[in-house]
Each structure stands twice: as C-alpha cells, then as structure tokens.
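Let's take a walk through a protein together, one stop at a time. Have the sequence and the 3D view ready, and turn the view as you read.

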Amino acid sequence: MVKMSQQNDMSPDKSLSATGMDINPIDILKYLLSNWYWFILSIAVFAGIAWYRYSTMQKTYSAYASVMFKDTKAAAQEARLDRLIGYNNKANVSNEILQLRSSKLMQDALKRLGADVSYTIMDYLREDELYSQSPVKVVFPEADERQEISFIATPLDENRVRLTNFSSLDRNQEVRMGDSITTEIGKLVVTPTLYYSRSWYGKDVTVRKQNLTAAAAEMTSHLNIYQADAADASSILNMNLVDTSPVRAEDVLNMLVTIYNEQNILDKNQSSINTNNFINERLQIIEQELGGVESQIEEYKISNNMIDLSTEAGVSQSQKQQYTTLSKDLQQEAAMGQYIKDYLNDPSNANELIPAQTVRDATIEAQIQQYNAAKMKRDKLMEASSDKNPVVQDLNNTLNSMRQTIIRSVDNMNLSTEVRLRDAQNRAGQAMGRISIIPSQQREMQNIQRQQRIKEELYLYLLNRREENALLQATTESNAKVLEPAYASEVPVSPNEKQMIMTGVAEGVALPAVILLFFLFFDTRVKDRKDIEDYVSVPFLGEIPKSGAKHTKSFKNSIIVTPQSRDVASEAFRIIRTNMDFMRVRSKDMKVITFSSFNAGAGKTYISSNLAACFAQSDKKVLLIDLDIRKGTLSTNSQHEKSKGMTTYLSGQATLEEVLKPNELGENFDFIPSGYVAPNPAELLLSERLDELIEQLRPQYDYIFVDNVPYNAVADAAITNRIADLTIFVVRVGKLDRRALPDIEKIYTTGKLKNMSLILNGSVVRAHSYGGYGYGYGYGYGYGYGYGYENKDKPWYKRLFSSKKKKHKKA
C-alpha cells in the first residue's frame, strides 16, 4: 500500500540527526547478520593469518628463579643508614630489582655465556633456537661487541662446513673445522661441539652475531622481577625470563645472580680495595724512598771512603799514632844523616874514621865499614912507609873515592828521609783530619740512618695492614642467596595456538562489524525505505531492488520487465504500477508522468523505460518521451541520438509523425527521442509547441512517460512541470545524502512539482533489513516462492542460503 497520508509531526525544515536513524540493538544485530558473508570472509582471512603467525612464530619458554636478600636492615644499621628518613627494607629490595634489571648486568651475563651469538634451524615454517645444542660453535675473536653479522653454516662431513648467505657479503665458502676465515667484522673460527654428528650433515644452521647492547635490551624486556609478597615487604624476589631457548633462559637467570653477587661483593669490598690500592701505592713510594735512603748511605760511604764509622775512627787513630811515631823516627834519622854529612864535609875530619852505626841504611853502613877498613889499612902502611908509596897513594885515591861515594849516598839518604818524613807528617795530618771530621760524619750518618729506620718501620706496618685487608676481603659474604635455581618448563608459553586462532576469529568478527557499524552510523547516504519514510511525507510508490544483471548501453537490454519475468525487480515495477492507481486521488486524468531527481545517475531513465514497459505489457498504449534534451541518455541508449526528436519538433523543424517511433520498444510501446542537442533548451521547453504536443498525444495514449532532467540542476524540470499529471521523484540508494531529504519535503509541501510521489531505486534485497523491514513491505518475503522468483541469476552462495530459507519457511 502506497503511503498517502501526511506525517503530522513532519515539517519541511525538520533537521536530520548525525546519522538520520533511530536504531535499537536488535536492528543493529539484524543489520550485521544480513552481511554475514563479510564476516565469513573476514574470519577466514584473519584465522588464516593467525594460523600462519602461529606456524612461523618462534616458541618461547619461561624460566623461574627465587633469590633472598640477607638482612638488609642489619647491613643498613651497620652502615648507619637506618638514621636516614624514610629508610625501609622494601626500598632496598626495589633498588636490588633495578640492579638486577640493569642493562650492564645483562650485557655481562650474555657476554660470559656467549649468548649474543644465536644458532637457529628451520622446523617447517618455524625457526627453533639451538643455543648450546648447536652442532657448531662460532667464535669472533676480533669482532667488536656492537658489530653484527649473520650467515648459514651447513655441516658437510666430520671436518668440513659450508658458510653461505653472509648478511653483507655475497660469498660461499667451505672451511675446515678450526680454520679461521676473514669477514667484514674480523676473523671467525668454526669448531664442532659435542652435538656434532652425521644427523646434522646437510642441515642449515643460521648463525647470528647480535649487537650486544641490543641483545641485552631485548632480553631485559622479557625479564620480570617482583617481590614474593609485596604487602609484607618480603626480601625474596621471584625472577621470570621468557626466551626462545629454555636452557638459555636458565643460564641467563643463574648468571645474572652470579654476576650480581660478584658485583655486590665488589661493592662491599670497595673500601678494602681502595685501602689495598692505597697501601700498594704507598708501599711502592716507601720502597722507592727506602731504596733512595740506602743509596744515599752507600753514596756517602763511597764518597767518604768508609765502611763503618766506628771502624773508620779506629783506623784513623791508629794511622795517626803510626805516622806520628814514624815521623819522630824519620826526624832522628834525618838528624843523624845530617850529622854524618856534616862530619864528612868537615876538612878536619878528612883523616879520621867515619863513625859507624849512625845510620839505618845498611848500604851506607857497609860503605862506611869498607872505608874505615881501608883507612886503617892505609894508616898501617903509613907507619911502615911514606905517603910516596904507590900503594899508599892508591889507597888514598880509593879512600877519597869511597868517601865521595859515601857522601853522595848520605845525601841521597837524607833526601829520601826528608821525603819520607814529609809523607809521614802528611799522613799523620790526614789521620788527624779524618779524626776531626768523624763527629760531623757521625751526625750526618745518624740522620740518614734515622730516615732509613723510619721508612723500614712504615714499610713493615703497611705490609701488615695489606695482609689484614686481604683477609677481610676473603671473608666478605654475598648479599643474595639463591633459594631456587633457575628452572624452565619444557612446555612453551607462546605461541598459544587456541588463543591465537580465537583471537584471529575475534578480529575477523570485529573488523567487519566495526566497518559496517562505521558505515551505518557515519554514512549519511540514503540506504533504504526507512530513511525516507522517517523524514519525508511524500507519497511512496515503492522501491526498485538492485538488479543482479549487468547494465548495458543497449536500451532494449536495459528493459528487464517482460511478460515472462518473475524476478524481484520485475515484480517491483508491477507493484509500483499498481500503487500508481492510488495517485488518481489528486489527478483523475493521470496520463502524463514525468520523472526527476536531485542528482544524475539516480536511475530515471532505467525506471521510466521499465515502468513504461510494464504498463505496455498490461495492454496499455504507452509513449516514452526523452525530454532530457541536454544529455539525451535515453536516446543515446536507444541509438537515436542523431535522429529527429523533441528538439527538432519544438523548433518547428519536424512534425509529430517524423519524430514518433511507433512500437519501437515493443507492442503498444512508442518512443520519441530527444533529438539533436539544441543551443537553447530552456527556450524550446517554454514554447507552446510542447503543450500542443502533449494535448495532441493525450487522446492517443493511455500513459505518456517523460524522462526529464534532475531537479534544481537546470530549470528544465520546473519548466516542464506544467505538462505533468504525476511527478515521480527518484531517489537512489547510496547516491542521495539524507541531509537533502528536507529539501525533497519542502518541494512536496510547496507544490513545486505536481502530484509528487517518490520511488527508491537500488534497494538491496534481504530477508530482513537492519530497520526491521522486509523488502518493499509488501513483496520482500514473497518473491522466493509466491511469484516464482528465479534463483538462476543469483550467485551460488545466495542460492544456497535462499533454498535453506525456503525449506525453513515451508517447515
């Protein structure tokens, strides 16, 4: 039944809401269910993506450990920290958590374990971490911690391995186990592990050396440390680490605690270490100073030619006495030598014997003895003869010669004695000098020895303190005690297949739901009949469903209404044909029917041609006029765009017989094309020839359908309104904004278009719409069975569900 009564609460300027709809949850549910195929497609896609992600995601395992901190309060009291305001045990534990999560601690742990180098193998689509179970181990002795490299190692036999797919080099190389090869980050060495066996031959092992800082950051992000009982400020910490290798997770947790204890002990011993360093530095300095003092003593003794000061004093005193006595003896000897010299040089003593035993020189004494003997011999000869005796004369010559020799010997002896005397006197003087400086030397020596004793005592004291400090360091205990060593479950914590698939299904449901709801609430275009009936009071003739057939430019092919057709669209046109009879209330002689819309593409040509065909098939004489003389879409589709038509008739260049195409589109279905494009379409439509033409055609036809231009786009629709008995305003689903509906209401209430009614074009055929309406109110549920609706034009999935619905309804 066409909507004939005005809505009392509807005014022309009634504003639309943001969405133009008043929807309850049931309507939304029906709307979503009507788009079930999008949900099926989305669920299949997202579930497939979830399965693929599950199949490619590395398995991760969780390792746990528990650590207890020893009496941090007592330690605080010992360090006088308990006097600080706000100190408590919990704060200390929080600090320990921060230390255990520090990046430096994690870097040290990974470096010790060699965990910055990973070994993985592909298991179908998933990559598995081998860690310590890798058949090979790769060492980078020259690489920097921040450098990265990756490659594939493939064991070939017990001695050879092939290296390929280097991250920065295109090279393939076979190397022997233990050999080193050069890469962009330095040398690397491949060695076999205990797991190396024939089963690994030909299998690719991906080796990745990671940036140690980045690896530590990633590992720290998977580390969770929390108090066992935060409410009681427990000093027990639970540690949890998630990693792709359970063994590596255990090793990292254990190593973190080990390094933490080492650093904690190092922190506790820092004062002792500083003391030890200070002692060692002082020992070195004192050792150098002590060596300097000893060197000074050595140099002093060397410079003063002494071994020991007391001994040197005794030696000097002895030398003084010795040389003093020697000097006296030499003085006596010198005096006797001078006496003998004077005696020998005295002429009065020339014939006298020389005194014997007067000198200590044995040679001179022997010469004197020889002289005296010769002298006495001569004297005896003189007694027996005279001095003229040759023997006496020879003896006199000999005596003179001997006397001169003795004199010379005495001179030499005196000279030698004088030299010896001076030397003895000098030595005695030196000994006296040495004795005189011994007190000052003793004083200087005592000063040096005093420094030596001080240095030695300080050196021994520091050695003792160093040993005590070392003993203190050896007895320092760690702050953390391991309650439960790290252990990891063999069951991976992720990926969770069921959870990922269910999440994928949920995402597959959520995405189309969100998109559909977005379009539902934010798409302001007209979607269905309910949008129109809620906001306009224009009589509603019906709605034309969206046709499943492909539209063509062929005019005859665009007419889907045939006597044999039973599809939804054909029945919709027949219902509109029936509903048009109710419009005779305002226009008894309803023959001329014009079509208009707000925008191009609303489907005026499609509806006018099919509605005209529908009337023609009911034995009515029908004429279709293309009055869109600006564009002429209908004429173009019917291939009459270059034929005489309305423009040539209105301009007086053709007669009705020349422009009329009888039975052009079927029996009882005539057609007048638009004609050539005119430069003055508005003036042509204002001419009286249009009125004369319509008056001439009224008696000849039961219905005259006029395809017109969009309203308000140009003035043509308003101009030709004078010839209309019924104006059908076409609104197409998805083309017209709902905010334009008040304008349509205003056109209707002001009477700008005669006997205005409305058709909705492009409706979607559904068993239920989101507004709770069946298609077309009167035929939406019946075409599947009441009118022989043919499923052959539907897609297979729609035919399948349509058949199921039929069986359900029949049941």
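Strands, like helices, are runs assigned by DSSP and numbered from the N terminus, and a strand needs at least two residues. With that in hand, you can follow the labels below. Keep in mind that this is a predicted model.

Let's begin with empty space. Rolling a probe the size of a water molecule over the atoms shows where empty space is left. How many cavities of 30 Å³ or more does the structure hold? There is one, and the largest cavity contains about 50 Å³ of space. Its lining is made by Thr594, Phe595, Ser596, Asn708, Ala717, Thr720, Asn721, Thr727 and Leu753. Strand β15, which covers residues 592–597, supplies the largest share of that lining, with three residues. Sorted by class, the lining of the largest cavity has six polar residues, three nonpolar ones and no charged ones.

Now step from β15 to the loop between β15 and α16, where you will find Asn599. Asn599 is 110 residues from Val709 in sequence, but their C-alpha atoms are 8.9 Å apart in space. Which residues does Asn599 contact, once neighbours within four places in sequence are left aside? They are Lys604, Pro710, Lys735 and Leu736.

Two packed helices are described by the angle between their axes and the distance between the axes. For α15 (residues 568–579) and α16 (residues 604–616), the axes come within 9 Å and cross at roughly 75°. Angles of 65 to 115 degrees count as roughly perpendicular, so α15 and α16 are roughly perpendicular to each other. On the α15 side, the contact is made by Ala569, Phe573, Arg574, Ile576 and Arg577, and α16 brings Tyr606, Ile607, Asn610, Leu611, Cys614 and Phe615. This contact of α15 with α16 has eight nonpolar residues, one polar and two charged.

Next, find helix α1 (residues 25–34) and helix α12 (residues 497–522), whose axes come within 11 Å and cross at roughly 120°. The two helices, α1 and α12, are therefore oblique to each other. Their crossing is right-handed. Ile28, Tyr31 and Leu32 of α1 meet Ala513, Leu516, Leu517, Leu520 and Phe521 of α12.

The crossing of α5 and α7 is right-handed. Among the residues that make this contact are Leu105 and Asp108 of α5 and Val252 and Glu262 of α7. By class, the contact of α5 with α7 has ten nonpolar residues, one polar and four charged.

Finally, look at two details of the backbone. In the loop between β13 (480–488) and α12 sits Pro495, and the peptide bond that joins Ser494 to Pro495 is cis, with omega about 0°. Tyr131 lies in the loop between β3 (126–129) and β4 (136–139). Although Tyr131 is not a glycine, it has a positive phi of about 55°.

Key
Residues are numbered from 1 along each chain as its sequence is written. This is a predicted model: local features need pLDDT of at least 70, side-chain atom pairs count only at pLDDT 80 or more; totals for chains, interfaces and linings use all residues. Side-chain values use heavy atoms; hydrogens and water are left out. Axes are lines fitted to C-alpha atoms, for helices over the stretch in contact, and angles run from 0 to 180 degrees between N-to-C directions. Helices (H or I, at least four residues) and strands (E, at least two) are DSSP runs, numbered from the N terminus. Angles under 35 degrees count as roughly parallel, over 145 as roughly antiparallel, 65 to 115 as roughly perpendicular and the rest as oblique. A crossing is left-handed if the near helix is turned anticlockwise from the far one by less than a right angle, and right-handed if clockwise. Contact means heavy atoms within 4.5 Å. On a 1 Å grid over the protein atoms alone, a cavity is a set of points where a 1.4 Å probe fits but cannot get out, and a pocket is an open set with protein on both sides within 12 Å along at least five of seven lines; lining residues have an atom within 4 Å of a point. Grid points are joined across faces, edges and corners, and a volume is the space filled by probe spheres set on the points. Ala, Val, Leu, Ile, Met, Phe, Trp, Tyr, Cys and Pro count as nonpolar, Asp, Glu, Lys and Arg as charged, and the others, Gly among them, as polar.
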